[in-house]
Amino acid sequence: MTTTADWIAGARPRTLWTGAVPVLVGSASAFAIDGFRPLLALIALGVALALQIGSNYANDYADGIRGTDVDRIGPERLVASGKALPRSVKNAAYASLALGAVLGLLLVWLSGQWWLLAVGAVAVIAAWTYTGSSRPYGYAGWGEVSVFIFFGPVAVLGTMYTQAGTVTWWAVAASAGVGMFSVALLLVNNIRDLATDALAGKRTLAVKLGEFRARRLFAAVVTLPIVCAVLVAFVHPFALGATFIALPALFIALGMRMGAEGANFKVMFAGISGVGLAYGLLLAVGIAI
């Protein structure tokens, strides 16, 4: 019988900062131009977390029934480990995505930005089809692109726009920095699972690039947020603090370039999670003040 702890673990709580941080940065951006609306910020946070959890359950379900997770190196998954029935995990994904859709409708209604319904619909579809469709784009090497778009510009600028009714160039730079750390987190997983994904026919970007070039891409991805924070600092000087907290990511990139493997990936995952969260928080504070 699946326990509450199993369902919580299946939601992958260690990754949920990637959904929360963009909303914080977008809300801080709205606050900086006197457009902050607390209720809309809270609803946007609910949308982001519901869609992310739904996508995580969908990924667990789809990879489990395809057998992709059988020989995985990372944490156990609900379906692959037999802790939950595939049908139950699929229903959990549907429920989470449905909740995200309802909250999204509420957000659009309260903000009056009805054209964002199209953006929300695409986000829900993308969350499921990442691995849950008959032709999952996550299996074709587009996962990193999708993560950057939806956990960067869409989440940050969408949050800002629903509150303030506009976006700024420095918010675009901030959204790119936030999105890059989400991409870095996915790359850690995909580089770690490169060999098993290749055997299972899962053509992630890491598989397509090969290990050497994938590790070089990771180094570039964790460097770019520093550049983004510097750009934001031209308007909001305190955002420069995010550049310093991002520097440890360069040491993680060095370890990746030197061929880290095995248990080292767990340390790298935790390191990028910590740096990415701190970067987003400091960027949000720097923009707000």
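**Chatting through the fold**

Modeller: Going along the sequence, the protein chain reads α-α-α-α-α-α-α-α-α-α-α-α-α-α. Helices here are DSSP runs of H or I with at least four residues, strands are runs of E with at least two, and numbering starts at the N terminus. This is a predicted model, where local features need pLDDT of at least 70, side-chain atom pairs count only at pLDDT 80 or more, and totals for chains, interfaces and linings use all residues. Residues are numbered from 1 along each chain as its sequence is written, and side-chain values use heavy atoms, with hydrogens and water left out.

Colleague: How many helices and strands does the protein chain have?

Modeller: There are 14 helices and zero strands.

Colleague: And how compact is the protein chain?

Modeller: Its radius of gyration, taken over C-alpha atoms, is 18 Å, close to the 19 Å from the globule rule for 289 residues, so the chain is as compact as a globular protein of that length. That rule is 2.2 Å times the number of residues to the power 0.38. The C-alpha trace spans about 50 × 45 × 30 Å along its principal axes.

Colleague: What share of the residues count as buried?

Modeller: 52% of the 289 residues. Buried means under 20% relative accessible area, exposed means over 50%, and partly exposed is in between, using a 1.4 Å probe and protein chains only.

Colleague: Switching topic: at what angle do α3 and α6 pack?

Modeller: Helix α3 (residues 38-66) and helix α6 (residues 116-129) pack at about 25°, with their axes 8 Å apart. The axes are lines fitted to C-alpha atoms over the stretch in contact, and angles run from 0 to 180 degrees between N-to-C directions. The two helices are therefore roughly parallel to each other; that label covers angles under 35 degrees, while over 145 is roughly antiparallel, 65 to 115 roughly perpendicular and the rest oblique.

Colleague: Which residues make the contact?

Modeller: From α3 it's Leu-51, Ser-55, Ala-58 and Tyr-61, and from α6 it's Ala-123, Val-124, Ala-127 and Trp-128. Contact means heavy atoms within 4.5 Å.

Colleague: Where does Pro-38 sit, and is Pro-38 buried or exposed?

Modeller: Pro-38 is in helix α3, and Pro-38 is exposed at a relative accessible area of 53%. Pro-38 and Ser-27 are 11 residues apart in sequence, and their C-alpha atoms are 8.3 Å apart in space.

Colleague: What about phi of Arg-12?

Modeller: Phi of Arg-12 is near 60°, which is positive in a residue other than glycine. Arg-12 lies in the loop between α1 (4-10) and α2 (17-32), and Arg-12 is buried, with a relative accessible area of 14%. Asp-34 also has phi near 60°, but Asp-34 lies in the loop between α2 and α3 and is exposed, with a relative accessible area of 76%.

Colleague: Last one, is Glu-144 buried or exposed?

Modeller: Glu-144 counts as buried, at 5% relative accessibility. Glu-144 lies in helix α7 (residues 143-164).

Colleague: Which residues does Glu-144 touch?

Modeller: Leaving out residues up to four places away in sequence, Glu-144 touches Val-183, Leu-186, Leu-187, Asn-190 and Leu-205. The C-alpha atoms of Glu-144 and Thr-204 are separated by 8.8 Å, though these residues are 60 residues apart along the chain.
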